[in-house]
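The tour below goes stop by stop.

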Amino acid sequence: MSPFLRFDGKVVLVTGAGGGLGKEYALAFAERGASVVVNDLGGDIKGEGKSSSAADKVVEEIKAKGGKAVANYDSVENGDKLVQTALDAFGRIDIVINNAGILRDRSFARTSDLDWDLIHRVHLRGSFMVTRAAWNHMKSQRFGRIIMTSSAAGIYGNFGQANYSAAKLGLLGLSNTLAIEGNKYNIHCNTIAPTAGSRLTQTVMPPDLLESLKAEYVAPLVLWLCHESCEENGSLFEAGAGWIGKLRWERTQGAIVRHKNQEMTPEAVRDNWETVCDFRNANKPQNIQESITTLVDVLSRVDTENLSANPTSAMASTSTTGIDPAQAVGQKLPEMVFTYSQTQCILYALGVGMSTKDPDHMKFLFEGHEEFSCLPTFGVIPSQASMMDGGLAAVPGFNFDFTKLLHGEQYLELYKPLPTSGKLTSQATIADVLDKGSGAVILLDVHTYDEKDLLCYNQFSLFIVGAGGFGGKRTSEKAKGTVNPPNRPPDAVMTDETSRDQAALYRLSGDWNPLHIDPSFAAMGGFKKPILHGLCSFGFAARHVLKQYADNDVLQFKAIKVRFVKPVIPGQSLQTEMWKEGNRVHIQTKIKETGDVVLAGAYVDLKGTLDKTAAKEPSVQAGGLQSDLVFAEIGRRIKDVGKDLVKTVNAVFQWEITKDGNNAAQWTIDLKNGSGLLYKGAPQAKADVTFSLSDEDFMEVVLGKLNPQKAFFAGKLKVKGNIMLSQKLETILKDYAKL
Ligand code: NAI
């Protein structure tokens with residue numbers, strides 16, 4: 001990111017720039033390389049009179065400092081003339097600051113037609129005329145930044161300013177729509193409500209305040225909003241004295257006061273007034289879709305309403321936030337079957353940031369690796385399928401707005417290492433429902449089985465914003481709690497970058513929520529960009545612990561618990577801090593760039609039996625092949641002396657091991673490349689010689705009990721390729737006769 005915000009090559013039109021705030025903006029843009037059109041009609045504050053001197057003076061000042069500027073003396077009501085000046089002088093128009101303004105303050109009763117019309121003509125119509133004249137130029141160049149100038153008087157109302165307040169808030173409405181229409185052309189429109197000492201405020205502010213609230217304390221906000229690197233669009237800011245704040249709408253949960261086949265009455269409105277106006281659990285609608293969705297939801301609720309329902313019941317307790325623990329707890333979701341192959345394991349590993357850059361990661365990325373394993377946190381994938389399929393929405397007693405569902409916490413415990421392929425069955429149960437006031441928490445327990453064997457247990461804590469207050473309990477003995485880390489600097493820290501496409505990759509493991517890929521969907525949720533899946537950060541953190549404290553041995557993994565605190569944007573770096581206390585590793589994961597904690601109260605429990613040989617044996621035995629043991633040993637030897645073997649042997653060997661007449665394993669020893677490589681599975685390099693024999697005969701040969709030549713002539717051993725190379729095998733195998 002360039003340290004300095006520059007506007008070289010950009011053409012800026014500032015209206016009403018002959019003094020006050022506009023002048024400050026014009027000077028600031030010019031100082032940072034922009035070419036500026038300084039517009040000012042040069043009238044008095046009531047919009048009367050005309051003069052060119054105000055604009056000329058500012059142009060002179062800019063030029064004296066080496067900047068580029070031209071003056072324009074037209075009224076903003078002739079918007080196209082202002083834009084034409086920009087095109088004539090500089091050939092384009094990139095940024096429009098609608099700033100020109102006048103005041104005609106009167107108490108409402110004394111407001112004349114002229115007072116009303118003049119204010120509207122300059123502020124609202126003027127901003128419209130100027131912006132419309134610039135719009136198509138911005139559209140075709142696919143860049144534009146527009147500022148509308150509103151006022152606290154419009155936002156909050158102010159005595160004696162009915163005309164001005166109306167026009168000023170009208171500008172906000174205009175800006176909101178331009179932000180939507182312009183977005184796809186990279187035209188951003190934002191609104192500011194500034195406060196600064198100027199001739200407009202000199203009648204309403206004491207002189208020393210007028211002096212202290214400098215216009216130069218507002219200009220930096222305007223410059224930032226207009227920079228090409230600023231993504232802000234459709235927002236409203238208050239600014240003054242060096243402070244900037246953003247404003248948005250808040251809406252109560254509200255109440256449904258209409259009922260099926262009944263007349264809607266003012267009495268019902270009166271009787272529900274408290275709920276209509278209750279800002280506890282308020283939501284913050286972001287766009288018109290959210291507003292309409294609420295109404296459509298209400299229509300369907302009223303339509304399907306049971307007539308015996310309480311006729312004046314509030315929305316907060318019976319509709320959008322309706323939760324009935326008595327009905328829901330103990331309910332089972334439909335059983336889910338999840339079938340997967342090694343592809344899904346590898347895809348998941350890539351999804352949580354594993355990379356071939358790190359040799360340690362190969363065992364999770366390469367199916368031919370001798371210790372090919374599935375990451376323990378893959379255990380969340382089969383279980384989440386039960387939720388994703390809408391099973392939750394069908395639970396009796398759950399009548400809430402599913403767009404308000406957040407994934408709050410996750411617990412995963414493994415009872416056995418996850419196979420690298422299989423068909424697993426998950427059974428989800430509503431373990432409990434908690435009332436947290438601002439929302440409800442659903443504890444969803446999911447048990448995942450491989451046939452009859454329980455493989456893993458997940459607990460999803462799902463937070464439903466605004467669905468609290470139904471009078472339920474706050475805690476549950478069934479909840480797997482978070483635990484804070486010890487109060488000392490971390491024992492270890494591990495950092496990993498997420499890639500720009502991390503979420504795009506992770507979602508392929510089964511969480512298809514558009515929030516993680518679709519910018520407009522993310523915007524509806526109030527996010528500037530699609531966010532990373534919480535469970536993706538969870539995967540990063542778990543593998544950090546596995547590497548730091550368990551040598552990437554999946555057999556060491558027992559359980560993990562995390563609380564999701566903040567979203568991560570793909571491309572940010574995740575930094576996991578770790579504290580080891582016995583078999584428990586407390587963790588806290590932060591975004592490195594911002595320091596924001598994203599996973600809190602988290603820990604990984606390890607089995608604490610880290611013994612490499614003990615850990616490896618079961619995986620060797622799992623295949624049921626004795627030859628696997630020999631190859632595992634060969635693998636170790638290649639690690640030690642592979643380089644030397646590459647020099648002396650320089651060939652690729654392949655074995656096809658059969659068991660009971662069926663193909664049981666393929667092994668390749670690659671002593672041509674690098675430091676030597678042994679792997680199981682489909683060969684990646686062309687074999688110079690291939691041996692096919694049964695597991696038993698292989699062992700007999702290795703143990704020296706069966707002569708390979710005899711085996712060959714007896715048809716027990718088949719050889720393809722350069723048979724002479726088999727002599728070199730001795731170099732590799734001779735030490736293992738004792739096995
Ligand atoms: P100002 O009076 O110093 O600047 C306004 C400029 O607009 C003047 O130079 C005037 O000649 C020019 N102008 C008026 N009618 C015009 C027209 N038809 N065409 C072209 N230029 C015209 O006032 P100030 O305070 O700098 O105000 C700038 C903007 O900020 C205005 O829109 C105002 O309503 C708004 N504002 C200012 C606040 C403050 O505390 N200063 C508070 C809230 C809003």
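Start by selecting A241. This residue sits in the loop between β7 and β8. Its phi is positive, about 60 degrees, although A241 is not a glycine. Keep in mind throughout that the model is predicted.

β7 covers residues 236-240, and β8 covers residues 243-247. Together they form a hairpin, with two residues between the strands. The pair runs antiparallel and is joined by five bridges.

Are its residues buried or exposed? Five of its five residues are buried. Colour one side of the strand first: L236, E238 and G240.

Next, select residues 187-194. This is strand β6, which runs parallel to β7. Four bridges join the two. Look for A193, whose bridge partner in β7 is E238.

**Past β6: T201**

Move on to T201, in the loop between β6 and α7 (207-212). With a relative accessible area of 17%, T201 falls under the 20% cut-off, so T201 counts as buried. Show its side chain. It reaches the backbone nitrogen of S198 at 2.8 Å. Beyond its neighbours within four places in sequence, T201 is in contact with A196 and L210.

**The ligand**

- To the side chain of R199: a polar atom lies 2.9 Å from a ligand oxygen.
- To the side chain of K168: an N or O atom there is 3.0 Å from a ligand oxygen.

Switch to a surface view. On its own, the ligand has 820 Å² of accessible area, and the protein covers 95% of that.

Now colour the shell by residue type.

**S35 in strand β2**

Select residues 35-39 to bring up strand β2, where S35 is found. S35 has a relative accessible area of 8%, so this residue is buried. What does S35 touch, not counting residues up to four places away in sequence? The list is K10, V11, V12, K68 and F90.

**F366 in a loop**

Go to F366, in the loop between α15 (362-365) and α16 (380-391). F366 is buried too, with a relative accessible area of 14%. Leaving aside neighbours within four places in sequence, its contacts are F372, Y679 and Q684. Now draw a line from the C-alpha of F366 to that of E409. The two residues are 43 places apart in sequence and 31 Å apart in space.

**L414 in strand β12**

Select residues 405-414 to show strand β12, which contains L414. At 4% relative accessibility, L414 counts as buried. Not counting residues up to four places away in sequence, L414 touches P376, L455, C456, F557 and K558.

**Last stop: E451**

Finish at E451, in the loop between β14 (439-450) and β15 (453-465). Its phi is positive, about 55 degrees, although E451 is not a glycine. Is E451 buried or exposed? Its relative accessibility is 70%, so E451 counts as exposed.

How values were computed: Residues are numbered from 1 along each chain as its sequence is written. This is a predicted model: local features need pLDDT of at least 70, side-chain atom pairs count only at pLDDT 80 or more; totals for chains, interfaces and linings use all residues. Side-chain values use heavy atoms; hydrogens and water are left out. Buried means under 20% relative accessible area, exposed over 50%, partly exposed in between (1.4 Å probe, protein chains only). Two strands pair if DSSP finds at least two bridges between them. A polar contact is a pair of N or O atoms within 3.5 Å; within protein, one must be able to donate a hydrogen and the other to accept it, and residues adjacent in sequence count only if both atoms are side-chain atoms. Accessible areas come from the Shrake-Rupley method with a 1.4 Å probe; for residues, only the protein chains shown count as cover. Contact means heavy atoms within 4.5 Å.
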